[in-house]
Amino acid sequence: MGAAGALGWLLLLQAVHRATGARPCSPKYFGRDAMVCVCNATYCDMLDPVVLPALGTYVKYESSKAGKRLERSEGSFQRSLHAPDLVLAVDTTQRYQKVKGFGGSITDAAAMNIFSLPETAQDHLLRSYFSEEGLEYNLVRLPMASCDFSLHAYTYDDVPFDYELAHFSLRDEDTKLKIPLLHRALAMSKRLLSLYASPWTSPTWMKTSESFVGKGMLKGQAGDKYHKTWANYFVRFLDEYAKHNLSFWAVTAENEPSAGLINNYPFQCLGFTAEQQRDFIARDLGPVLANSSHRHVQLIILDDNRLHLPHWAKVVLEDEEAARYVHGIGIHWYLDFIGPIQDTVVPTHELFPDYFILATEACIGAHFWERDVILGCWERGNQYSHSILMNLNHFVAGWTDWNLALDLEGGPNWVKNYVDSPIIVDTSEGIFYKQPMFYHLGHFSKFIPEGSQRVGLIASKESKKTDLEYTAFLRPDGAVVVVVLNRSPQNITFGLADTVGLIAAVAPASSIQTYLWQRQ
């Protein structure tokens with residue numbers, strides 16, 4: 001085929017691709033390689049629903065620093081090919097953890113940013129995350145009342161000494177912002193959405209500090225009126241959301257319980273040591289949930305940096321009274337660099353294999369040395385993928401991003417703790433930007449549904465030294481998914497082997513790929 005013929009064929013292929021409904025990225029550059037995809041009221045890039053390829057073929061999705069964004073292509077398995085040096089072989093006899101899912105958080109700030117857009121743009125944003133044309137998130141984390149990503153500090157019962165919670169009520173932030181968004185997300189999602197809630201602070205009248213911020217714990221001790229009232233507050237929260245036809249998969253016992261043990265902590269917190277969390281669960285929260293109409297709601301402990309593991313899990317889960325109420329362990333990523341996964345998560349899984357471990361919060365820009373928002377930053381996408389791969393390859397069941405959307409500043413945030421987000425909203429223009437982080441997350445969330453199980457992916461290369469990072473899953477429909485991340489500046493040639501044959505592959509420099517195929 002001549003050059004013109006080849007070009008014609010490529011154009012034809014592109015036309016076929018376009019006609020199917022996928023809409024390409026509308027790029028905008030903020031520097032040489034810093035690219036976002038722009039969405040507004042009339043246009044937003046979208047994907048086709050995932051269709052399994054015919055037996056003997058595979059489908060590949062690729063994003064790259066060079067500008068690809070979940071770009072789809074197809075190919076065939078080779079029967080016998082001169083194999084490259086590095087072959088990754090799928091081994092389904094090695095079975096590891098099952099996946100719960102992937103998602104993000106609807107904070108007050110995220111909800112305000114979404115509602116600041118024109119209605120069709122709001123829809124584009126929600127579809128980008130939740131619909132079959134988007135990333136198909138199935139996890140949503142929700143703060144119980146306010147957090148730092150709120151306009152002010154509040155709880156659902158700020159009337160002093162209301163032990164009966166007679167004045168408990170949801171706020172406008174719930175009824176006008178978070179709840180309507182949840183209903184819209186549920187309506188456009190093909191997958192079952194699992195919601196989970198986390199409190200940042202109790203009402204101040206229950207706290208030793210009598211303040212939303214700073215070092216402070218619940219007054220008294222487990223089993224007393226303060227602890228019972230705080231446990232009942234969880235049930236009231238679930239009751240009120242149920243009146244809005246929203247039910248929760250899980251609650252975490254407290255967001256970052258170690259924060260409330262720190263002097264002058266700058267935003268909403270409530271301190272618990274591992275021992276205090278154990279006793280609160282055993283004597284108050286566990287029994288109160290079990291005796292309510294929400295007994296099926298799962299309980300997640302820790303919800304803090306993995307640095308606290310395995311100690312925190314040992315303290316809580318070696319206590320029979322507490323352990324019987326607990327289902328999982330939540331981890332945040334902020335201090336990962338001083339708590340290696342092999343020393344924290346792995347021993348926890350080995351000690352307590354029946355409890356799931358879920359990454360419940362991550363964002364970039366939280367550390368004082370980081371810039372808050374960097375538009376189009378590929379490296380931040382890499383940081384997300386690297387974390388997700390590291391977690392999935394060490395028994396973690398899923399990964400939850402922090403704010404679904406923030407403004408250009410990385411807020412709003414009432415204590416100016418601005419951070420980055422996969423979607424940045426420019427309210428003045430009525431547009432939003434999908435960042436590299438958004439697409440990196442999609443390489444996992446869209447293709448690894450709940451119930452998928454991690455399987456072996458074995459590198460053949462003698463040295464086993466490669467810059468590639470990778471993971472493999474067997475989906476409930478029997479298809480295999482492999483995600484391959486190349487953070488290096490070189491293209492890397494490799495093979496993917498399964499019972500159906502071999503894929504001759506190249507991971508371009510600074511790219512992430514997802515491969516999907518049927519086995520029989």
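Q: Which way do the residues of strand 8 point, and are they buried or exposed?

A: Here is the general idea: in a regular strand the side chains alternate between the two faces of the sheet. In this predicted model, Ser194, Tyr196 and Ser198 point one way from strand 8, while Leu195, Ala197 and Pro199 point the other way. All of them are buried.

Q: Why is strand 8 described as largely enclosed by the rest of the structure?

A: A residue counts as buried when its relative accessible area is under 20%. Six of the six residues of strand 8 (residues 194-199) are buried, so the strand is largely enclosed by the rest of the structure.

Q: Which strands are joined to strand 8 by bridges?

A: Let's take them in turn. Strand 7 (residues 139-144) runs parallel to strand 8, and six bridges join the two. Here leucine 142 stands opposite alanine 197. Between these strands the chain passes through helix 4 (residues 172-188), and this β-α-β crossover is right-handed. Strand 9 (residues 250-252) is also parallel to strand 8, joined to it by two bridges. In that pairing alanine 197 stands opposite valine 251.

Q: What do strand 8, helix 5 and strand 9 make?

A: Together with helix 5 (residues 225-243), strands 8 and 9 make a right-handed β-α-β unit.

Q: Now a loop: where is serine 292 found, and is it buried or exposed?

A: Serine 292 lies in the loop between helix 6 (274-290) and strand 10 (298-305). Serine 292 is buried, because its relative accessible area is 8%. Its side chain reaches the backbone oxygen of leucine 289 at 2.7 Å.

How values were computed:
Residues are numbered from 1 along each chain as its sequence is written. This is a predicted model: local features need pLDDT of at least 70, side-chain atom pairs count only at pLDDT 80 or more; totals for chains, interfaces and linings use all residues. Side-chain values use heavy atoms; hydrogens and water are left out. Helices (H or I, at least four residues) and strands (E, at least two) are DSSP runs, numbered from the N terminus. Buried means under 20% relative accessible area, exposed over 50%, partly exposed in between (1.4 Å probe, protein chains only). A polar contact is a pair of N or O atoms within 3.5 Å; within protein, one must be able to donate a hydrogen and the other to accept it, and residues adjacent in sequence count only if both atoms are side-chain atoms. Two strands pair if DSSP finds at least two bridges between them. A crossover is right-handed if, with the strands pointing away from the viewer, the path from the first strand over the helix to the second runs clockwise.
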